[in-house]
Amino acid sequence: MTQARIEFTNQTVIVTGAGSGLGRTYALEIARRGGNVVVNDLGGSVAGQGASPDSANAVVEEIRRAGGKAVANGDDVASPAGARRIVECALDSFGRLDAVINNAGNMRAGTFETLTFDDLNSLLAVHVGGAFNVTQAAWPHLVARGGGRVVFTSSGAGIFGVENLSAYGAAKGAVAGLMHVLALEGARHGILCNAILPNAGTRMTSIFKPGALGENPWAAKLGSTFAPEFTTALTLYLASTACHDSHGIYSAVGGRVARAFIGVANGWQGSREVPPTVEDIAAHWQAIRDDSKGYAIPASLADENRVVVEALGL
Ligand code: NAI
C-alpha cells in the first residue's frame, strides 16, 4: 500500500531550540517537506548560559542551501516578550502560523544534595516557562486560524524518573501537566496538543558520564537508535495535519514508538458514608496498588470522576 506523503507545504512551524540536536532535525525535515520554519535558538551553553545567533543561523543556512524556507530567531523562550517576538517573526516572515514545537531546553544535573534552587528555577524558566510563553503567544493566532498543532517536549526523566535529574525531572513533569491542560482547553479551538519523550544522543546528553544517571545496562544495547533522527518523524507527525489526536504522550526508544499514559488502577472502593481509617488503607493496600485487575486512563480530571461514578453504578 502506498502511503500519502505528509507535506508541510504553505505551513509555518516554529521550532524552539532548533539550532542543535533534536530541534535541528525537526527544522531540516519540515523544510524538506515544504514547510516554512522559524528556527529559534538562544545559542547558549547546555546549562543555559550565554547567547549566540550562530547555531540558529547555521541551520537556516543549511535549509536555504537545500532550497527550503527558514528564518532564524535568537530570542529566549523563557521571556514572555521573547516568545512574542518568536511568533511575530513567524507572522512577519511567512504570514501565518500552523504549529509550534516546544523543544528548547537546558540541563542541570547532579545529586539532589548538590542541585540548587537556582538550578531548579533555571530549568523551570526554560522548559515550563518557555513552553508556556511560546504557546501562549501563538495561541490567539492558532485560534483565529481555526486550529493548529502544539508539540511539547517532556522526558522519561519526568514521567518515569531517573537519578540525579531532580530539577530537570520536575520541569519535564510540569511540561506534561501543561500539555494535559492545554489539550483540554485547545479542543474547542481545534488546537491539538501532544507531548513526546525522546531518547537521543545530543549535545545535552553528551555531558553525562557513564553511570551518572544511575544504572542503565540497556542503553548500550540500543546503539545507533539514539541518533536524534529516530525521534524526528514522531514529532513531525504530531505537528502535521495528518495527526488528529490530542492529549497524548508518545515515547521514542530504540526505534520503538509508543503511547505512554497515566492510568488509575481499579483500586479499592471504601464506604461512601464514612471516610476510611488509616487501618482501612493498610488492610486494603494490596488492592489499592494492584494494577492486574484493570485500570482506566482518564482523559481529564472529570473523566476520572466518571470512572468512579460508573464503577459504582450511580
Ligand atoms: P540540545 O542541547 O542539542 O538542544 C537544545 C537547544 O535548546 C539548544 O540548541 C539550546 O541552545 C536551545 N535553548 C536552550 N535554552 C533556550 C532558550 N531559553 N531559548 C531558546 N533556545 C534555547 O539538546 P536536545 O537533546 O536536542 O534537547 C531538545 C529537547 O529535548 C530539550 O527540551 C530536552 O530537554 C529534550 N529531551 C531530550 C532528550 C534526549 O535524550 N536528548 C530526552 C528527553 C527530553
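Mentor: This is a predicted model. Within it, alanine 99 has arginine 149 as its bridge partner in S5.

Trainee: What makes S4 and strand S5 (residues 148-153) a pair?

Mentor: Pairing requires at least two bridges between the strands. S4 and S5 are joined by 4 bridges, so they pair, and they run parallel. From S4 the chain passes through helix H4 (residues 117-145) to reach S5, and this β-α-β crossover is right-handed.

Trainee: Why is that crossover called right-handed?

Mentor: Because, with the strands pointing away from the viewer, the path from the first strand over the helix to the second runs clockwise.

Trainee: How do you know that strand S1 (residues 12-15) pairs with S4?

Mentor: The cut-off is again at least two bridges. Here 3 bridges join S1 to S4, so the strands pair; they run parallel. One of the contacts is valine 13, whose bridge partner in S4 is alanine 99.

Trainee: What makes both faces of strand S4 (residues 99-102) count as covered?

Mentor: Ala99 and Ile101 on one side are buried, and so are Val100 and Asn102 on the other. Buried means a relative accessible area under 20%.

Trainee: Next, the aromatic rings. How many aromatic pairs does a search of the whole structure find?

Mentor: The search returns 1 aromatic pair.

Trainee: Why are the rings of phenylalanine 261 and tyrosine 295 called stacked?

Mentor: Their centres are 6.0 Å apart, and pairing asks for centres within 6.5 Å, so they pair. Their planes stand at 20 degrees, and under 30 degrees counts as stacked, so the pair is stacked.

Trainee: Which parts of the chain does this pair tie together?

Mentor: Phenylalanine 261 sits in the loop between strand S8 (256-260) and strand S9 (264-265), while tyrosine 295 belongs to strand S10 (residues 295-296), so the parts tied together are 34 residues apart in sequence.

Trainee: Why is asparagine 10 called exposed?

Mentor: Its relative accessible area is 51%, and exposed means over 50%, so asparagine 10 qualifies. Asparagine 10 lies in the segment before S1, with a positive phi near 70 degrees.

Trainee: And why is asparagine 164 called partly exposed?

Mentor: Its relative accessibility is 26%, which lies between 20% and 50%, so the label is partly exposed. Asparagine 164 is in the loop between helix H5 (156-159) and helix H6 (166-187), and its phi is positive, about 70 degrees, although it is not a glycine.

Note on methods:
Residues are numbered from 1 along each chain as its sequence is written. This is a predicted model: local features need pLDDT of at least 70, side-chain atom pairs count only at pLDDT 80 or more; totals for chains, interfaces and linings use all residues. Side-chain values use heavy atoms; hydrogens and water are left out. Rings of Phe, Tyr and Trp (its six-membered ring) pair if their centres lie within 6.5 Å; planes under 30 degrees apart count as stacked, over 60 as edge-to-face and the rest as tilted. Helices (H or I, at least four residues) and strands (E, at least two) are DSSP runs, numbered from the N terminus. Buried means under 20% relative accessible area, exposed over 50%, partly exposed in between (1.4 Å probe, protein chains only).
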